Amino acid sequence: MGLFGGKSYPAPCVMGEESIMSKKEHGTSKTPVQSNLKWGCDFETADRICNFNRHYAEHAGYWEGKRSPATFLKEEGEASGEITFYDSNTGKPLFVAPKGRTFAEFVAESRAHGWPSFRDQEVVWENVRCLKNGEAVSVDGTHLGHNLPDSKGSRYCINLVCVAGRPDGTPAKIP
């Protein structure tokens, strides 16, 4: 069971404690999001969703550039191979996709749900946790999205602005 009253999800999902999302120096994180996010992601939207939010999301289709500055589909494609998605706060790897499917299949599933949708084999479990309410978070307190299982298993619907970091990115200064 999961989002609707359950306490855990099947392996390989790694469950986390609610304390991961406790108040820190900048909302639920120690720092604001990086100032140089990938794919044209908006800093203010990313910082609000990653660090000052537990339930809401960027609007459906943001990742596709619908009513947003996001350029993911213009910059990435089948030729990109496996794409690493990094925490917008810390730069730690969170997801690597597509794995076990094509880029076209990744995009089709993501379009069907409105947000980038990852499967268990695409999650970097060293850095990602699921809370008992289904919230997907980084081990450092970044809100990522939610685990919304379907007939194929766990499906992580993730905000692009939360995984648009760079491994060498510099966090913005706390005002």
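A salt bridge here is a side-chain nitrogen of Lys or Arg within 4 Å of a carboxyl oxygen of Asp or Glu. Helices (H or I, at least four residues) and strands (E, at least two) are DSSP runs, numbered from the N terminus.

A quick word on the model: it is predicted, so local features need pLDDT of at least 70 and side-chain atom pairs count only at pLDDT 80 or more, while totals for chains, interfaces and linings use all residues. Residues are numbered from 1 along each chain as its sequence is written, and side-chain values use heavy atoms, with hydrogens and water left out.

Back to the charges. Side chains of opposite charge can pair when their charged atoms come close. D150 also meets R155 in a salt bridge (3.4 Å, N to O). For burial, "buried" means under 20% relative accessible area, "exposed" over 50%, and "partly exposed" in between (1.4 Å probe, protein chains only). On that scale D150 is partly exposed at 27%, whereas R119 is buried at 7% and R155 is buried at 7% too. These residues belong to a network of salt bridges that links R101, E109, R119, E122, D150 and R155. Elsewhere, E64 and K66 form a salt bridge (3.6 Å, N to O); E64 is buried at 19% relative accessible area, and K66 is partly exposed at 46%.

Two strands pair if DSSP finds at least two bridges between them. Five strands make an open, antiparallel sheet, in the order β3-β7-β6-β5-β4. Its edges are β3 (117-118) and β4 (128-130), each of which pairs on one side only. Strands β5 (residues 135-138) and β6 (residues 143-147) pair in the antiparallel sense over three bridges, and V137 stands opposite H143 in β6. These two strands form a hairpin with four residues between them, and G141 in the turn has a positive phi of about 100°. β6 also pairs with β7, again antiparallel and over three bridges; here H146 has C157 in β7 as its bridge partner. As for cover, five of the five residues of β6 are buried.

Finally, the inside. A nonpolar core is a set of buried Ala, Val, Leu, Ile, Met, Phe, Trp, Tyr and Cys residues joined through side-chain atoms within 4.5 Å. The largest one has 35 residues, and those with the most contacts inside it are F72, F85, F95, L144, Y156 and L160. At least two core residues come from each of α1 (43-51), β1 (83-86), β2 (93-97), α3 (103-113), β4 and β7. Take L160: leaving aside neighbours within four places in sequence, L160 is in contact (heavy atoms within 4.5 Å) with W39, C41, E58, W63, A70, F72, F85 and P116.
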